[in-house]
Amino acid sequence: MKVGDLTLKEIISLTFKSGSRPPLLIDVLTSARALESNCKLVIEIKPGNIEASTALVRLFRHHPDLIDSCAVVMSFDAFIMHRLKCELNDLSSFLGYDSNMMPQVLLLTVAEQPQKHYELWLNILDPSPVHSWLQHENKPSLDGVYLQYQPEMLEPAGMQSLKDLSKQYRVGVWGYYKKDPDDYKTAKHLISCGVSFVNTDLPRTFKLEPKEHRMALY
């Protein structure tokens with residue numbers, strides 16, 4: 001049975017090998033806030049899980065002090081992301097916050113031909129579809145895209161495309177485990193092209209430079 005098929009009650013009744021139980025999102029956000037100001041979460045909402053976005057906004061409504069502990073909410077599901085963006089805008093008005101204080105809402109894309117109906121394919125050499133994906137019925141635009149890594153991002157044309165896209169929107173890059181490069185050199189290169197977020201599993205081979213050169217990696 002997949003974790004996605006379990007109920008909340010079933011999930012929290014499970015234990016890890018260490019004997020501890022899965023933490024709730026509120027626990028993780030609280031821990032992030034307690035660590036330091038630049039420790040923030042990137043939250044992914046699985047496609048079709050409409051209730052999750054509403055529950056997240058409700059959590060922030062009851063605990064507005066935790067909003068700053070979340071940098072990004074992302075999903076492959078464009079419908080959910082547009083709905084979440086509207087809900088976060090309403091929440092910012094309710095709380096009297098500037099909309100820039102809310103988490104960034106980013107749309108996940110894939111680098112190969114879509115295998116599922118909700119996936120959006122983007123070739124970094126032609127990012128023209130992005131603008132239409134982020135707009136919806138004159139409602140607030142999404143903040144950007146979370147692109148799947150493509151080798152072309154390391155080449156001149158792809159680098160320029162990333163730079164141009166990053167000037168318009170917030171951009172993140174994710175990659176498949178053991179398939180796409182996960183090293184400091186690649187991450188540094190992507191961020192030099194304007195990318196704001198780079199997913200990493202921080203393998204043992206991942207080498208960080210001195211503290212003053214460290215970057216925000218997720």
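Select helix H3 (50–62) and colour Ser-53, Leu-56, Val-57, Leu-59 and Phe-60, which are buried (under 20% relative accessible area, with a 1.4 Å probe and protein chains only). These residues cover an arc of only 155 degrees around the axis, which puts them on the same side of H3; the arc is that of the directions from the helix axis to the C-beta atoms. An α-helix has 3.6 residues a turn, so residues three or four places apart point the same way.

The model is a predicted one, in which local features need pLDDT of at least 70 and side-chain atom pairs count only at pLDDT 80 or more, while totals for chains, interfaces and linings use all residues. Residues are numbered from 1 along each chain as its sequence is written, and side-chain values use heavy atoms, leaving out hydrogens and water. Helices (H or I, at least four residues) and strands (E, at least two) are DSSP runs, numbered from the N terminus.

Next, display the surroundings of H3. Its buried residues pack against helix H2 (25–35), S1, S2 and H4, where contact means heavy atoms within 4.5 Å. From first to last C-alpha, the 13 residues of H3 reach 19 Å, close to the 18 Å expected at 1.5 Å a residue; the expected span is 1.5 Å times one less than the number of residues.

Move to Ser-69, in the loop between H3 and strand S2 (70–75). Is this residue buried or exposed? Ser-69 is buried, at a relative accessible area of 3%. Leaving aside residues up to four places away in sequence, Ser-69 touches Leu-29, Ala-32, Arg-33, Cys-39, Lys-40 and Leu-41.

Now show the strands. An open sheet of 6 strands runs in the order S1-S2-S3-S4-S5-S6, with parallel pairing; two strands pair if DSSP finds at least two bridges between them. Strands S1 (41–44) and S6 (197–198) stand at the edges, each with a single partner strand, so one side of each has no neighbour in the sheet. Within the sheet, S4 (residues 144–148) pairs with S5 in the parallel sense over 5 bridges, and Val-145 stands opposite Val-171 in S5.

Finally, select Tyr-176, in the loop between strand S5 (170–174) and helix H7 (184–192). Tyr-176 counts as partly exposed because its relative accessibility is 41%, between the 20% and 50% limits. Asn-199 is 23 residues from Tyr-176 in sequence and 9.6 Å from it in space, C-alpha to C-alpha.
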